[in-house]
Amino acid sequence: MVDLPQDVKLKSHMDASSLRRLLQEVRKGGVSPDDAVARLRHMPFEDLGFAKIDHHRRLRAGMPEVIFSQGKTPGQVAQIFKRMTAQGGNVLATKANVEHFRAVKKVVRKAEYHELARAIVLKQDPATYGKGTVVVVSAGTSDIPVAEEALVTAEVMGNEVAHLYDVGVAGIHRLLSNKKILESARVIIVCAGMEGALPSVVGGLVQVR
């Protein structure tokens with residue numbers, strides 16, 4: 001690992017000049033590309049006062065941070081959503097109500113609201129990064145909101161998705177008739193309330209978890 005000169009050490013908030021100095025060091029051979037990427041993984045963040053947006057979460061984890069809307073004002077959610085939109089990539093806000101969406105829609109016209117999932121979504125990256133299909137299964141109709149949030153989240157993160165709704169164990173034949181879909185899944189997410197028997201049943205039918 002090559003240590004950066006003191007004037008190229010990265011700040012907690014990357015600015016244009018420090019980034020330019022880092023790139024110049026890479027060009028000169030003083031810093032390897034891999035070392036530069038490793039250093040950039042930890043910054044920058046954008047300080048809005050009420051929130052610090054981690055713009056490099058996508059670089060480190062493959063997906064930008066998700067906006068948890070509950071407890072935030074519509075204006076706060078809208079400001080965060082707008083700043084994340086400017087960085088490119090898909091943007092997701094969860095636990096959002098209609099007021100949150102109206103505020104976001106004013107500043108990001110292409111944002112969409114998924115009412116059942118309570119999610120605000122902006123798709124700017126059409127690429128698929130997953131290695132298979134994520135199947136979301138729900139036991140009863142009342143479980144659909146939770147299942148929809150999981151479905152929207154998986155899709156925004158670049159996965160192929162499918163769903164099976166209202167296939168609880170009280171009518172096991174409804175689940176068994178879709179066994180081919182379950183067997184084709186790379187990942188299965190099961191949502192079940194009450195006794196929660198469905199996850200165990202699905203786990204006994206397939207190899208994936």
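The following conversation goes through how terms are applied to this predicted protein model.

User: What should I keep in mind about the model and its numbering?

Analyst: It is a predicted model in which local features need pLDDT of at least 70 and side-chain atom pairs count only at pLDDT 80 or more, while totals for chains, interfaces and linings use all residues. Residues are numbered from 1 along each chain as its sequence is written, and side-chain values use heavy atoms, with hydrogens and water left out.

User: What makes up the secondary structure of the protein?

Analyst: The protein has nine helices and nine strands. Helices are DSSP runs of H or I with at least four residues, strands are DSSP runs of E with at least two, and both are numbered from the N terminus.

User: Why is Thr94 called buried?

Analyst: Buried means under 20% relative accessible area, exposed means over 50%, and partly exposed is in between (1.4 Å probe, protein chains only). Thr94 has a relative accessible area of 7%, so it counts as buried. Thr94 lies in strand 4. Across the protein, buried residues make up 39% of the 209 residues.

User: Which residues does Thr94 touch?

Analyst: Contact means heavy atoms within 4.5 Å. Leaving aside residues up to four places away in sequence, Thr94 touches Val66, Ile67, Phe68, Ser69, Gln70, Arg118 and Glu149. Phe68 also stands opposite Thr94 in strand 4.

User: How do you know that strand 3 and strand 4 pair?

Analyst: Two strands pair if DSSP finds at least two bridges between them. Strand 3 and strand 4 have two bridges, so they meet that rule, and the sense is parallel. Strand 4 (residues 91-94) and strand 6 pair in the antiparallel sense over three bridges, with Ile120 in strand 6 as the bridge partner of Ala93. Three bridges also join strand 5 (residues 112-114) to strand 6, again antiparallel, and there His114 has Ala119 as its bridge partner.

User: What makes strand 3 and strand 5 the edges of the sheet?

Analyst: Four strands form an open sheet in the order 3-4-6-5, with mixed pairing. Strand 3 (67-68) and strand 5 each have a single partner strand, so one side of each is left without a neighbour in the sheet. Strand 5 and strand 6 form a hairpin with four residues between them, and Arg118 in the turn has a positive phi of about 55°.

User: Which way do the residues of strand 6 point?

Analyst: In a regular strand the side chains alternate between the two faces of the sheet. In strand 6 (residues 119-122), Ala119 and Val121 point one way, Ile120 and Leu122 point the other way, and all are buried.

User: Why is the contact between Lys52 and Asp47 called a salt bridge?

Analyst: A salt bridge is a side-chain nitrogen of Lys or Arg within 4 Å of a carboxyl oxygen of Asp or Glu. For Lys52 and Asp47 the N to O distance is 3.9 Å, so the pair qualifies. Lys52 is exposed at 53% relative accessible area, and Asp47 is partly exposed at 44%. The count by this rule comes to seven salt bridges, and Asp54, Arg57 and Glu65 are linked in a network of them.

User: What makes the salt bridge of Glu155 and Lys123 a tie between parts of the chain?

Analyst: The side chains of Glu155 and Lys123 meet at 3.4 Å, N to O. Glu155 lies in helix 6 and Lys123 in the loop between strand 6 and strand 7 (133-138), so the pair ties together parts that are 32 residues apart in sequence. Both are partly exposed, with Glu155 at 33% and Lys123 at 48%. Another salt bridge joins Lys179 and Glu183 at 3.5 Å, and these two residues both lie in helix 8 (residues 179-183), four residues apart, about one turn of the helix.
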